[in-house]
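Dear colleague,

Please find the structure below, handed over for your study. My notes on what was found in it follow.

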Amino acid sequence: MKHQIYESIRTRKQRGQKSLAVLIDPDKTDAKKIDELTELTSKALVDYLLVGGSLVISNHLDEVVQRIKKNSTIPVILFPGTPSQVSKFADGLLYLSLISGRNPELLIGQHVISAPFVKQSGLEIISTGYMVIDGGAPTTVSYISNATPIPADKNEIAICTALAAEMLGMKLIYMDAGSGARKAIHEDMIAAVRAQIEIPLVVGGGIREPEKAYLNCRAGADLIVVGNAIEKNSSLIMEMSDAVHSVPVLKP
Ligand code: 1GP
């Protein structure tokens, strides 16, 4: 079954429904863990599964994605840290441009190199303006990208960056404090960006408590991404899902 992932994200946003994505890092998982996660995410009615990581040292991305797809009907979206992280077995791919940094390779260089095989993959490609926000300590993404994150209190930089991405035609904004960030993104910055853009807003990095996920959604995030906290304690999935899905639906 082909999912229309972007359309579903946009429709949910238009209805004011918030969404939860659980991030699975192929380096930190095995068959048993995947089986457990797919069962729990299906029960908890998680909306999307993201697969990827900043490094991905292991060589079993295809296997991981195939096992998830065998167990679950939740759409699988690749969240690639490097251009090699493409699996035709997934449903979609966040085509990330690191717009908060000034590293030309991550803005466009690697896209040029990977474009032909990304196109051939047949995946749904979702052009994403990826903004790394300072999460209080260096994270793998800030180190690997060799790019300075946006300071956590500089809302105006975040707004202008997101606006530029929207006007360039990008389909999503992903604000990320980085995996395992000490501090998740503050609601003030989320609200400031939300007020200026129309496209869906994804927020992740360092979200450990369901309350934080709820507050981020109330501030204007449309899709919350949680990885580390769930890796450490998979029973959080249900609480995270309840928190995100309990945000009151706005009347149109
Ligand atoms: C990282 O936004 C994701 O890119 C998720 O972060 O692992 O800290 O939840 P966590």
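The structure, a predicted model, holds 3 aromatic pairs (rings of Phe, Tyr and Trp, the last by its six-membered ring, with centres within 6.5 Å; planes under 30 degrees apart count as stacked, over 60 as edge-to-face and the rest as tilted). One of them joins F79 and Y174, which are stacked at 5.0 Å centre to centre with 20° between the planes. Because F79 lies in the loop between β3 and β4 and Y174 in strand β6 (residues 172–176), this pair ties together parts that are 95 residues apart in sequence. Strands are DSSP runs of E with at least two residues, numbered from the N terminus.

F79 counts as buried, at 9% relative accessibility (buried means under 20% relative accessible area, with a 1.4 Å probe and protein chains only). Y174 is buried as well, at 2%.

The rings of Y130 and Y174 have centres 5.2 Å apart and planes at 80°, so this pair is edge-to-face. Y130 belongs to strand β5 (residues 124–132), so its pairing with Y174 in β6 links parts 44 residues apart in sequence. F79, Y130 and Y174 form one aromatic cluster.

D91 sits in the loop between β3 (76–78) and β4 (92–98). At 9% relative accessibility, D91 counts as buried, and its side chain reaches the backbone nitrogen of V76 at 2.8 Å.

Residues are numbered from 1 along each chain as its sequence is written, and side-chain values use heavy atoms, leaving out hydrogens and water. Local features need pLDDT of at least 70 and side-chain atom pairs count only at pLDDT 80 or more, whereas totals for chains, interfaces and linings use all residues.

Yours sincerely

Conventions. Helix = DSSP H or I, 4+ residues; strand = E, 2+ residues; numbered from the N terminus. Buried < 20%, exposed > 50% of the residue type's maximum accessible area, 1.4 Å probe, protein only. Polar contact = N/O pair within 3.5 Å; in protein donor to acceptor, adjacent residues only side chain to side chain.
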